[in-house]
Amino acid sequence: MRRHEEAFRIHCREQRDTQLGHACAHPGLSATTTSPTGPRSHPHGATMRHPGAPPLPSPQPRGACAMTAVGRQSGGRGRRAGGAPLRLRGRFPGSGAEPGRAGCAPPGMVSKGPLLRLLTAINRRRMKLLTGLAFVAYVASVWGNFVNMRSLQENGDQKVESKIEEAVAPLREKIRDLEKSFTQKYPPVKFLSEKDRKRILITGGAGFVGSHLTDKLMMDGHEVTVVDNFFTGRKRNVEHWIGHENFELINHDVVEPLYIEVDQIYHLASPASPPNYMYNPIKTLKTNTIGTLNMLGLAKRVGARLLLASTSEVYGDPEVHPQNEDYWGHVNPIGPRACYDEGKRVAETMCYAYMKQEGVEVRVARIFNTFGPRMHMNDGRVVSNFILQALQGEALTVYGPGTQTRAFQYVSDLVNGLVALMNSNVSSPVNLGNPEEHTILEFAQLIKKLVGSESEIQFLSEAQDDPQKRKPDIRKAKLLLGWEPVVPLEEGLNKAIHYFRKELEYQANNQYIPKPKPARMKKGRTRHN
């Protein structure tokens with residue numbers, strides 16, 4: 001840069017020597033004064049001339065090259081004094097000169113600065129446009145991916161929801177069925193105040209008679225607790241009460257002690273049909289003796305009243321007809337039926353022993369033949385045997401000549417009699433039965449007629465210790481309880497036939513109906529009870 005400025009200074013001196021009379025303006029040069037002997041600096045930067053010097057030409061524009069004037073005065077030839085060509089290396093606009101300094105451009109040469117600036121501006125705009133387009137393309141691609149992922153996610157969610165709906169739909173239907181069953185399950189129940197509502201325990205409450213007694217006491221508004229070991233009882237007999245706030249079901253064997261708070265105890269626990277109580281005679285004896293002892297102990301501890309469901313079997317094969325409560329009976333103590341007959345007789349003895357010694361309130365009901373719905377299909381009783389055989393078209397089996405007499409009452413009449421006896425002041429035994437007497441043969445013919453069966457009647461050998469006559473004397477019940485049977489025999493039989501017909505339909509649809517195991521004895525094996 002210093003070399004160029006030095007060359008420029010030499011060029012200006014040569015112009016002064018040729019008497020051009022002016023200074024070459026350059027941004028990097030200071031102001032000078034002209035004198036005959038040479039230029040002289042002025043303290044204020046003005047140009048001073050000698051009085052005899054020729055006039056100076058008009059000044060060139062700032063930044064203009066002095067070679068223009070030199071060329072004009074020397075005939076367009078830019079040469080040094082002495083004929084040597086002038087070689088001036090100046091800075092021209094656009095040639096990399098420093099900002100603020102002007103250079104001398106050679107003749108015919110165009111400045112490249114604006115062009116470069118224009119190209120740079122165009123390139124910048126183009127780059128901005130390309131960058132903007134790239135950004136827009138990126139945003140579009142990202143949005144497209146997001147939309148695709150959203151659609152895939154929505155489709156996946158729809159598929160998952162559809163599968164879940166398919167799996168849940170059957171469960172919802174089952175829940176609706178359960179809700180309907182629960183809402184319509186409970187029969188109407190009366191409301192009783194605290195002083196009238198009793199806490200009642202029913203042993204054997206899932207059996208035939210016990211389940212009907214449970215229905216009555218629940219509908220009367222009492223709190224009922226059913227205890228059963230389900231040897232002959234079934235849960236389906238009381239399932240319509242499960243979940244009710246006044247009902248409780250306990251799987252318990254009365255041979256073991258029970259500790260609950262109750263006001264009344266209906267002790268019905270015991271197998272009642274010959275095949276069932278003969279299946280395990282020792283267990284039958286334990287239930288009627290130890291079980292009764294446990295219930296009497298509970299009644300003593302909590303001050304409850306106990307009703308014992310005894311049986312007409314305590315009369316055995318009676319020699320008195322009809323049988324009243326004062327008859328002592330005619331029983332074989334070692335016969336096949338003795339486990340039940342004598343078990344009930346001992347139970348009665350225990351009740352009156354507790355009453356006399358401990359002051360326990362007891363009631364004893366001697367129940368005669370009873371029938372109705374919820375009887376076990378294969379319990380071996382007369383009614384169930386005849387109805388099933390008639391419905392299945394099998395021969396009706398009569399043991400013996402068929403002249404044995406029985407008195408059959410419907411289960412609802414028996415339940416009313418039990419409740420009346422419990423709430424009475426009668427502590428002595430009371431017969432509960434139907435005094436209407438029929439022979440077994442007449443009964444078989446009546447059932448054939450009601451069923452409309454063409455089954456034959458088949459006579460088999462008579463069973464051991466089978467009572468020949470059975471008819472209750474219910475004058476005591478009529479007088480002290482105001483009770484007597486009200487359901488006609490044929491009406492009750494029609495209800496029982498309808499029930500057994502439905503049971504057979506369930507069995508035909510492969511729905512399990514439990515059957516009691518037949519009695520069996522194995523030699524050389526000790527039986528534990």
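# A chat about helices, strands and buried residues

User: What helices and strands are there in the protein?
Analyst: The protein has 12 helices and 15 strands, where helices (H or I, at least four residues) and strands (E, at least two) are DSSP runs, numbered from the N terminus. This is a predicted model, in which local features need pLDDT of at least 70 and side-chain atom pairs count only at pLDDT 80 or more, while totals for chains, interfaces and linings use all residues. Residues are numbered from 1 along each chain as its sequence is written, and side-chain values use heavy atoms, with hydrogens and water left out.

User: How much of the protein do buried residues make up?
Analyst: Of the 529 residues in the protein, 40% are buried, and buried means under 20% relative accessible area, exposed over 50% and partly exposed in between (1.4 Å probe, protein chains only).

User: OK, helix H12: what is its reach from first C-alpha to last?
Analyst: Helix H12 takes in residues 489–508, 20 residues in total, and reaches 29 Å from its first C-alpha to its last, close to the 28 Å expected at 1.5 Å a residue; the expected span is 1.5 Å times one less than the number of residues.

User: Where do the buried residues of H12 fall, seen down its axis?
Analyst: They fall within an arc of 170°, so they line one face of the helix, the arc being that of the directions from the helix axis to the C-beta atoms. Among these buried residues are Leu 489, Leu 493, Tyr 499 and Phe 500.

User: And what do they pack against?
Analyst: The buried residues of H12 pack against strands S9 (370–371), S12 (409–410) and S14 (437–439), and also against helices H8 (382–391) and H10 (440–451).

User: Switching to H7, which residues cover its buried side, I mean which elements?
Analyst: What covers the buried residues of H7 includes helix H5 (274–279), helix H6 (281–302), strand S7 (305–311) and strand S8 (362–367). Two of those buried residues are cysteines: Cys 339 has a relative accessible area of 8%, and Cys 351 has one of 0%.

User: How many disulfides does a search of the whole structure find?
Analyst: The search finds 0 disulfides, a disulfide being counted as a pair of cysteine sulfur atoms within 2.5 Å.

User: Which way do the residues of strand S6 point?
Analyst: In S6 (residues 264–267), Gln 264 and Tyr 266 point one way and Ile 265 and His 267 the other way, and all are buried. S6 runs parallel to strand S3 (residues 199–203), joined by 4 bridges, and also parallel to S7, again with 4 bridges; two strands pair if DSSP finds at least two bridges between them. Ile 200 has Gln 264 as its bridge partner in S6, while Ile 265 has Leu 306 as its partner in S7.

Methods. Contact means heavy atoms within 4.5 Å.
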